[in-house]
Amino acid sequence: MIRGDVAVVAGLCVRELGRRRVFWVVPVLTAGFLGLFTMACAYTFSVSAPGQLDRAALVGSTLMGLAMFSILFLGSVLAVFLTFTAVRGDAEVGMLQPLVVRPGGRAGFLAGRFLAAAGISAAYVVAVYAVALVVTDAIGGWLPPSPATPALALAGAVVVVAAISLLGSVHLSTIANGIAALMVFGAGLTAGLIGQIGQSIGSTRLEQIGTAASYALPFEALYEAGLHNLTAGTGGLTGLIVRLGPFGGAQNGGPGLVAWSVVYVLLVLAATALSFARRDL
Amino acid sequence: MDPAFRVERLEKYYGGVTALAGVDLEVDAGELFGLLGPNGAGKSTLVRIGCGLARADGGRATVCGHAAGSVEARRRIGYLAELFRFPSWLSADEVLTVHQRLARSAGGREERERLLAMVGLSDVATRRVGAMSKGMQQRLGIAQALIGAPAVLILDEPTSALDPAGRRLVRDLLAGLREQGTAVLLNSHLLSEVEMVCDRVAILSHGRVVAAGTPDSLTSARGVVVETQEGSRRFDVARGEIPDLVARLVAGGDRIFSVVPSRSTLEEFYLETVGGEIG
């Protein structure tokens, strides 16, 4: 049961979502993405492939890999939008103080903002992923072996991004935090790619960089695990080609990844609460 | 019994800058206490420590005996910050509803209607904050601070955006709170306001209390103002010399219309105390 004051703060955050013009960027981009994705499916699934290849699996997994990258990006932008002003930004304009002097205090405020941001972002990526999946199935007749797993991985990834951005909001001003959060997001994806390249060319050093990035920024590892799931059921020549493709080198994080991601989010939230408790407003 | 609000040897430093250098003060239940001082004197820092928005580096602040910033202290305070903003898309009534839930007040609609009436906003209960004037927003801020009938009301420049009628409304409201036993800590630059409503005041300068007492005790008799056919004139005489002064003026051919004892104002005392310091 969520405490009343936490629910109030979360409710304000949710209502603000519909009021600020900046958030309209997300549905507009989403509509554009889904439109383009549908066109891409319609075109790509109609192109013939050599007989020995499973065309549906090849096209479907590749397009869904592309979709996952876009959904992760849009979901992360949403998570950052919902959190980047949360502490310093709102304190500078005087919106925070009337809320945190109430009995729920700073911890209640943080819990409310995080639950709202994480909940909305996770629901968003799951919903867009589901639409993309339905489009892929309807047009190409292809579904990944475990359709829900990539969605859960994406949801976990944006929750991690929301937690990182919330921590940044305690220390950085609004613009600085927005930039920093998106740079961290980009750095995580880049490090993941470096790890994949390292694995492909047999470079231990590059693989270590990728592994370190997975621990430091587990949203990238979660995303990779989701991608991996898309192609896990594809075998033979088709599987080989898919795994050589742009979204095919992803690693399955294994059961430890989920546990580490949960611990990571809890650690980031604890650091956020500690920093916030010590900050003068 | 613990005072409603107390700070003891309160210290606060920002890097090498001393904001508070061992401040002591108490506000009792039913007392209106004015906090004065130039910009940078430490008034807002003291208020923010009292609300739990800033941490003291030394000494302590308590609200009804509970450490400032604790849940128990936060349950007992109402606060209006100098700089505040409510979501522009909420109506006045919705702002109060949100704060009722945050303050865990069971006052419901009756409390909201009463508070909006107290600050003269009954007619705009459904108006969005974004469509309100600055003065209306400030009065709404006062109403939200009164949610849950706090034992201690901390107001940081609550009348800075108000017109004369709005200021009078707030003065009357504060007088009513005094009757109800609410302790009020009023941080303001408006000395005349403070002089009119506060039971006691403290003047802060460079993080220290440099004067404290009732407004009467801080001001002093300054002769009389005599109105004659030639206009008003001020005479710097003691109370016992007033009859002789009047007799002398009448003997000299003046016609006396009024004789009004004069006192120095709190503003004059303030300027003498802080030496015209501009923060």
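Student: Is the crossing of H3(A) and H10(A) left-handed or right-handed?
Tutor: This is a predicted model, in which local features need pLDDT of at least 70, side-chain atom pairs count only at pLDDT 80 or more, and totals for chains, interfaces and linings use all residues. Residues are numbered from 1 along each chain as its sequence is written, while chains are lettered from A and ligands numbered from 1 in the order in which they are written. A crossing is left-handed if the near helix is turned anticlockwise from the far one by less than a right angle, and right-handed if clockwise. The crossing of H3(A) and H10(A) is right-handed.

Student: At what angle do H3(A) and H10(A) pack?
Tutor: Helices (H or I, at least four residues) and strands (E, at least two) are DSSP runs, numbered from the N terminus. Axes are lines fitted to C-alpha atoms, for helices over the stretch in contact, and angles run from 0 to 180 degrees between N-to-C directions. With their axes 9 Å apart, H3(A) and H10(A) pack at an angle of about 160 degrees.

Student: Which orientation does that give H3(A) relative to H10(A)?
Tutor: Angles under 35 degrees count as roughly parallel, over 145 as roughly antiparallel, 65 to 115 as roughly perpendicular and the rest as oblique. The angle of about 160 degrees therefore makes the orientation of H3(A) to H10(A) roughly antiparallel.

Student: Which residues of H10(A) make the contact with H3(A)?
Tutor: Two residues are in contact if their C-beta atoms, placed from the backbone, lie within 7 Å. H3(A) contributes A:Ser61, A:Met64, A:Gly65, A:Met68 and A:Leu72. From H10(A) come A:Tyr223, A:Gly226, A:Leu227, A:Leu230 and A:Thr231.

Student: How many residues of H10(A) are buried?
Tutor: A residue is buried if 20 or more other C-beta atoms lie within 10 Å of its own, exposed if 12 or fewer, and partly exposed in between, with C-beta atoms placed from the backbone. H10(A) is largely enclosed by the rest of the structure, because its buried residues number 14 of 14.

Student: How many residues of H3(A) are buried?
Tutor: H3(A) runs over residues 55–83 and reaches 42 Å from its first C-alpha to its last, close to the 42 Å expected at 1.5 Å a residue. That expected span is 1.5 Å times one less than the number of residues. H3(A) is mostly covered, with a buried count of 23 of 29.

Student: Which element gives the largest share of the side of chain A that touches chain B?
Tutor: In this interface 19 residues of chain A are in contact with 23 residues of chain B. Two or more residues of that side come from each of helix H1 (4–19) and helix H5 (97–100) of chain A. The largest share, six residues, comes from H1(A).

Student: Which helix of chain B is included in what covers the buried residues of H1(A)?
Tutor: The buried residues of H1(A) include A:Val6, A:Val9 and A:Cys13. Their cover includes H3, H5 and helix H6 (105–140) of chain A, together with chain B's helix H3 (92–103).

Student: How far apart are the C-alpha centres of the two domains of chain B?
Tutor: By an automatic or database domain assignment, chain B is divided into domain 1 (5–214) and domain 2 (221–263). Their C-alpha centres are separated by 43 Å.

Student: How many other C-beta atoms lie within 10 Å of A:Ser261?
Tutor: A:Ser261 is found in helix H12 (residues 255–278) of chain A. Not counting residues up to four places away in sequence, A:Ser261 touches A:Gly156, A:Val160, A:Pro218 and A:Leu222. A:Ser261 is buried, as the count of other C-beta atoms within 10 Å is 23.
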